[in-house]
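Please read these numbered points alongside the model.

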Amino acid sequence: MREHSFGRTEFTVSDIGFGAWQIGGSWGEVSEADGRAALNAALDAGMTFIDTADVYGDGRSEKIIAEVLKARGGTRPMVASKAGRRLNPHVADGYTKANIEAFIDRSLKNLEIDSLDLVQLHCPPTDVYYRQEMFEGLEEIRKSGKIKHYGVSVEKVEEALKAIEYPGVVSVQIIFNMFRQRPAALFFQEAKRRNVAVIARVPLASGLLSGKITAATQFAAEDHRNFNRNGEAFDVGETFAGVPFETGLAAVEEVRKLVPADASMAQFALRWILMHEAVTVVIPGARNGEQAKANAAASDLAALSADVMAASREVYERLIAPHVHHRW
């Protein structure tokens, strides 16, 4: 597992980390035992970055992480959580220092720690990025010791570019995969120039880029790939990366032709992301230990050729870009 400095911070993290949404909820049934097994397998494989949020299973994800890390002991991985989506209604005016600090206090309790390595505003409304007082509030919370660093999780490139104008923002989490390539242009250039860590989320386009989903696949009622197909619960870009399902399946068949014989499509999709130098860590989820180990192995794949990268770009531009490129 290769490691990178996490932007301007003191942390060094593995290039593949553990996305802990699946062990919290909204992905169908994942037992707590499977969640613990997935996280343990990820850590055993050398992952040193865990990404979670206070709303993943209403704290369930954070509590599983606390349990596993307490049982393992030793050197702790970097743990990042998110705050803001507990607001009801979820509106810009709710993003105040007092509200975010209360959410941070709850995460500290769930994670059984005194200081959070990284807190990220959790995909707030766009207007929040233009409110300097929110970022001044985060800086005050950092100085209090409750958080070591702060960053943002965004939906749009516009939001990412605005966020990194604030000097205290050390990281941006953004959707980036073969079906969402827009961040690789101006945003990646600016993030690299400012030494901002980039966390690539939704790396497999909600499983589409695993190559295992078909038109006949059934998703559980509590799985966001069922209930958020058209953005009913949150931004549609979080489900299948915003790509219409049938279009995504057609594109997957084109991508399948590019996958080397020694890799799964999921591993290929993760390695594609790691070809971009601006990416600090990519955070696939896992429902069990086997998936976590397979994700970690993607770090060891050989670099992809220029021809393969060009071919993947052609598939994106022909089939996917008309649906997503202008939106996020």
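1. Terms for the space search come first. On a 1 Å grid over the protein atoms alone, a pocket is an open set of points with protein on both sides within 12 Å along at least five of seven lines, a cavity is a set where a 1.4 Å probe fits but cannot get out, and lining residues have an atom within 4 Å of a point. Grid points are joined across faces, edges and corners, and a volume is the space filled by probe spheres set on the points. The model is predicted: local features need pLDDT of at least 70 and side-chain atom pairs count only at pLDDT 80 or more, while totals for chains, interfaces and linings use all residues. Residues are numbered from 1 along each chain as its sequence is written, and side-chain values use heavy atoms, with hydrogens and water left out.

2. The second largest pocket holds about 220 Å³ of space. It is lined by 15 residues, and Leu43, Thr48, Thr75, Arg76 and Pro77 are the closest to its centre. Helix H2 (residues 60-72) gives the largest share of this lining, 3 residues; helices (H or I, at least four residues) and strands (E, at least two) are DSSP runs numbered from the N terminus. The lining of the second largest pocket divides into 6 nonpolar, 6 polar and 3 charged residues. In this classification Ala, Val, Leu, Ile, Met, Phe, Trp, Tyr, Cys and Pro are nonpolar, Asp, Glu, Lys and Arg are charged, and the others, Gly among them, are polar.

3. The whole structure has 1 cavity of 30 Å³ or more. The largest cavity has a volume of about 60 Å³. S8 and helix H11 (306-324) are the elements that give two or more residues to its lining. Residues lining this cavity include Ile174, Ile175, Gln181, Tyr316 and Trp328. By class, the lining of the largest cavity has 7 nonpolar, 2 polar and 3 charged residues.

4. Gln181, one of the residues lining that cavity, is found in the loop between S8 and H6. Gln181 counts as buried at 6% relative accessibility; buried means under 20% relative accessible area, exposed over 50%, and partly exposed in between (1.4 Å probe, protein chains only). The side chain of Gln181 reaches the backbone oxygen of Met178 at 3.0 Å. Such a polar contact is a pair of N or O atoms within 3.5 Å; within protein, one must be able to donate a hydrogen and the other to accept it, and residues adjacent in sequence count only if both atoms are side-chain atoms. Leaving out residues up to four places away in sequence, Gln181 touches Phe176, Trp272, Ser312, Arg313 and Tyr316, where contact means heavy atoms within 4.5 Å. Gln181 and Arg313 are 132 residues apart in sequence, with 8.4 Å from C-alpha to C-alpha.

5. Where does Asn177 sit? Its place is in the loop between strand S8 (169-175) and helix H6 (186-193). Asn177 has 0% relative accessibility and so counts as buried. The Asn177 side chain reaches the backbone nitrogen of Phe179 at 2.6 Å. Beyond residues up to four places away in sequence, the residues that Asn177 touches include Val202, Leu209, Ala241 and Trp272.

6. Ala241 lies in the loop between helix H7 (224-227) and helix H8 (245-256). Its phi is positive, near 60 degrees, in a residue other than glycine. Ala241 is buried, with a relative accessible area of 0%. Glu112, also not a glycine, has a positive phi of about 60 degrees, and its place is the loop between H3 and strand S6 (118-122). Glu112 counts as exposed, at 52% relative accessibility.

7. The peptide bond from Asn88 to Pro89 is cis, with omega near 5 degrees. Pro89 belongs to the loop between strand S5 (78-83) and helix H3 (97-111).

8. In helix H10 (residues 289-297), the buried residues are Gly289, Ala292, Asn295 and Ala296. Seen down the axis of H10, they fall within an arc of 125 degrees, so they line one face of the helix; the arc is that of the directions from the helix axis to the C-beta atoms. Helix H1 (32-44) and helix H9 (265-274) are among the elements that cover these buried residues. At the start of H10, a side-chain oxygen of Asn288 comes within 3.2 Å of the backbone nitrogen of Glu290.
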